[in-house]
Amino acid sequence: MNTTHDADNTWTIRFSGYSESDNKKIEALTSIGNGYIGTRGAFEECRADDIHYPGTYLAGVYNRLTTKIAGREIENEDLVNIPNWLPIKFRIGDAEYIDIDSSSILQYEKILDMKSAVLYRTLRLKDKNGRIILIKSERFASMADPHTCTIRYTIIPENFSEKITIRAGIDGSVQNSGVKRYGDLENQHLAIIKKISDKNKCTLVAETTTSKIKIALTSIVRVSSGQKITSRAKEESDKEIYNLITVVAKEKQEIVFEKIVSIYASDDRDCTDPIVSSINSSALEKSFDVLFHEHKNSWDELWTKADILIDGDPEAQKQLRFNIYHLFSAFSHHNMSIDASVTARGLTGESYRGHIFWDTMYIFPFYFFHFPKIAKAGLMYRYQRLDEAKKAAQLKGLRGAMFPWHSGSDGREETQIIHLNPLSGKWDPDLTANQRHVSSAVAYNTWYYYWFSQDREFIETYGAEMMIEIALFWTSIAQYDEVTGRYSIDGVMGPDEFHEKIPGSKKPGLKDNAYTNIFASWVIDKALALKKIIPERFDELTDTISISKADIEEMKKISSLLKVHIHEGLVDQYDGFLKLKKIDFDKYKKKYSNIHRMDRILKAEGDSPDNYQLTKQADFLNIFYILPFSEVKKVFQRKGYGFEEEDYKKNFEYYLSCSSHGSTLSLIVHSYLAYMLGKEDLALDWFKMALGADLNDIQGGSTAEGIHTGVMAGTIYITLCGFAGFDFHGKHLSLDPKLPKKWKSIKFSILFKKCEYTILLTHEYITIDSPQKTIASIQGKRMTLKKGENRFRLK
């Protein structure tokens, strides 16, 4: 399988040459979606097997099953693989339906057109009787109507004339089987409860087994080429339903079929009966061309605001567009009417079980820049689960809100109790739920949504309550140490994830993770800052939550006295990390082809990552990705610690040497920090790796289980906040660009504090189109922008 990045077309990704081993990866990469629904780029003609996996997912549709493993009953909640709407098969004469994988494939090409969000596939094959057939398909999930998906399917018999029967419909016999290491877990999430059909249309209704969400899919198939239909029929089994159309095919003449599908679920806010809504959808009466025109217009509106134009680097241009495409496919304006947030793998696969993580801290800035109301929808998902977060804290004997590391349908902790190590074949305890810093990520997104949008109603009605409850949680979990005169937070895990406990200790968790403590101090400070922004509402909330004046003073005290362990300018990732043994990466590189997941390697060898100065990804360093150095320095100063830029550089070099980069997020953090520290070559190397993290499947197989939304959004953050020098932490627009030498220019739009700016940067000039007269900072100098075009020469 070859991936082509056409220098003359930065809007398409092209795959040519059929490869069974790469096929599931290509399915994930060529997924289509609109935020409500996502469908992998699987073959219409194939069922799930070792080569193909036709998964389709609806945002927020989860189901919970229990499995007995290792003598324990393990409960897992998954984003459900709903009935497959893709199926189209055909047969020639009265023969069996054509089997793609047993035919000779003469030509194969798949093209993802990102601008119009259409997946094209060309397949030329020879069957066992020597008949050659050219098959072309086009599909999209409508961005205009989130409930509509469509396929145009063209058959050209190249060396024969014969009747052809096409079978198109819905397959409800699907399971959640897209991740091999979950194979021992229960995966039958659907029960088929109704099938309705006539010769033109068929409907299948499924229901999730425990969450009881009804999902209705209605399919209509028609011939659009003017071919005479010789017969129509229907076919069904217990879990499948199809329409059959027979036509007389003539040599070298195309037959074009259109399949329109309408999909609704009972938890949709825009319908009361999914069956009625699906069957009566007006989209079923429209042609492919009409639906495509509506769909493309909607995508054009998104691209007009979110596209980034790069002159001088067509590969980066293409890959950034690929990432933007997948972000909108995973989470769009349609999510504003759905009780769901963006998952770590979008709607393209089943890894992480379709859960919501801290990744939103990396993802939401993309939406802040262009469509803040979409980010607001993700924040409302968290607010709707605030009571569950408060309950989780109470169960730990704490106050405030403790959000879960894995979040799904209702906001309870969905992290697995045990997980399979594929290297050892053993089920090990999973302690990642101790990553309490996820609550700070919620507060961070809340604060910066308000900062960008100036949505006062949101911060008063929803945001402030979340921030204060999270600050109260950090105040509650912190413990005072009379010996040091400081506060500590114990029993947690940092972003590193490899380290679960102190070597030799039976107690899970770590003490004084630097990232966790610094971030907690920042959250408390921002929560208390709301007193000046919304004074009456702040007083009302603290009264309702029963936060006394003494509690407020305690918050201030804890914020300034949360401990960070520092040794000659080197920050201890957690208390005791710097005392661990060094890891010999070269030793393991010689033994294993891929050492990203050193935790699995060490455990499979009877060792533990707890014994080594080893990290999965940026841990302490991550604080410099989300906050500017100047702000982090102030946090250190309030704590009474000195921390200068030389210390920053020292920590970067040290912790970079400890990382196995077992997460794609590691790439964007280290790239961004390297650029900020003037290490341009290193930064660009990491940036290039991050851009192609999924296209190149750098983790050796994980892309097949779903793309990585966090790293995709992170590459856009680096482009705008790193290379273009956009700093959103101040009161006004601020730009201090440092474009890569290869780039001639970059052009983009930014929505900041209700002003939408169009910005063009070269190595010599900045041009800003401003909607009004305002203030901006250009390379650290305060400037006045007039309404319209403003041009400044760079130093």
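Reader: In which helix is Leu386 found?

Author: Please keep in mind that this is a predicted model. Leu386 belongs to helix H7.

Reader: Is Leu386 buried or exposed?

Author: Leu386 is buried, because its relative accessibility is 1%, and the cut-off for buried is under 20%.

Reader: Which residues does Leu386 touch, leaving aside those up to four places away in sequence?

Author: With those left aside, Leu386 is in contact with Ala401, Phe403, Glu465, Met466 and Glu469.

Reader: How many residues of helix H5 are buried?

Author: Helix H5, residues 360-370, is mostly covered, with 11 of its 11 residues buried. Among them are Tyr362, Phe364, Phe366, Tyr367, Phe368 and Phe369, as well as Pro365 and His370.

Reader: Let us turn to helix packing. What describes two packed helices?

Author: Two packed helices are described by the angle between their axes and by the distance between those axes. In this model, helix H8 (residues 438-453) packs against helix H10 (residues 514-533) at an angle of about 40°, and their axes are 10 Å apart. H8 and H10 are therefore oblique to each other, and their crossing is left-handed.

Reader: Which residues make the contact between H8 and H10?

Author: From H8 come Ser440, Ala441, Ala443, Tyr444, Trp447, Tyr448 and Tyr450, and from H10 come Phe519, Ala520, Trp522, Val523, Lys526, Leu530 and Ile533. By class, the contact of H8 with H10 comprises 12 nonpolar residues, 1 polar and 1 charged.

Reader: At what angle do the axes of H18 and H19 cross?

Author: The axes of helix H18 (residues 665-676) and helix H19 (residues 680-691) cross at roughly 155° and come within 8 Å. That angle makes H18 roughly antiparallel to H19, for which the cut-off is over 145 degrees. The crossing of H18 and H19 is left-handed.

Reader: Which residues of H18 and H19 meet?

Author: Leu667, Ile668, Ser671, Ala674 and Tyr675 in H18 are set against Glu680, Leu682, Ala683, Trp686, Phe687, Met689 and Ala690 in H19. The contact of H18 with H19 contains 10 nonpolar residues, 1 polar and 1 charged.

Reader: Which parts does the salt bridge of Arg399 and Asp551 tie together, and how many residues apart in sequence are they?

Author: The side chains of Arg399 and Asp551 meet at 3.4 Å, N to O. Arg399 is in the loop between helix H7 (386-395) and strand S20 (418-421), while Asp551 is in helix H12 (residues 549-561), so the pair ties together parts 152 residues apart in sequence. Arg399 is partly exposed, with 34% relative accessible area.

Reader: Which residues are linked in a network of salt bridges?

Author: Such a network links Arg64, Glu75, Glu77, Asp410, Arg412 and Glu414.

Reader: Finally, how should I read the backbone angle phi?

Author: Most residues other than glycine have a negative phi. In this model, Gln454 has a positive phi, near 55°. Gln454 is located in the loop between H8 and helix H9 (456-477), and it is partly exposed, at 28% relative accessible area.

Reader: What is the phi of Glu568, and where is Glu568 found?

Author: Glu568 has a positive phi of about 50°, although it is not a glycine. Glu568 lies in the loop between strand S24 (566-567) and strand S25 (570-571). At 75% relative accessibility, Glu568 is exposed.

How values were computed:
Residues numbered from 1 in each chain as written. Predicted model: local features only at pLDDT ≥ 70, side-chain atom pairs only at ≥ 80, totals over all residues. Heavy atoms only, no water. Axes fitted to C-alpha atoms, helices over the stretch in contact; angles between N-to-C directions. Helix = DSSP H or I, 4+ residues; strand = E, 2+ residues; numbered from the N terminus. Parallel < 35°, antiparallel > 145°, perpendicular 65-115°, else oblique. Left-handed = near helix turned anticlockwise from the far one by under 90°. Contact = heavy atoms within 4.5 Å. Nonpolar A, V, L, I, M, F, W, Y, C, P; charged D, E, K, R; others polar. Salt bridge = Lys/Arg side-chain N within 4 Å of Asp/Glu carboxyl O. Buried < 20%, exposed > 50% of the residue type's maximum accessible area, 1.4 Å probe, protein only.
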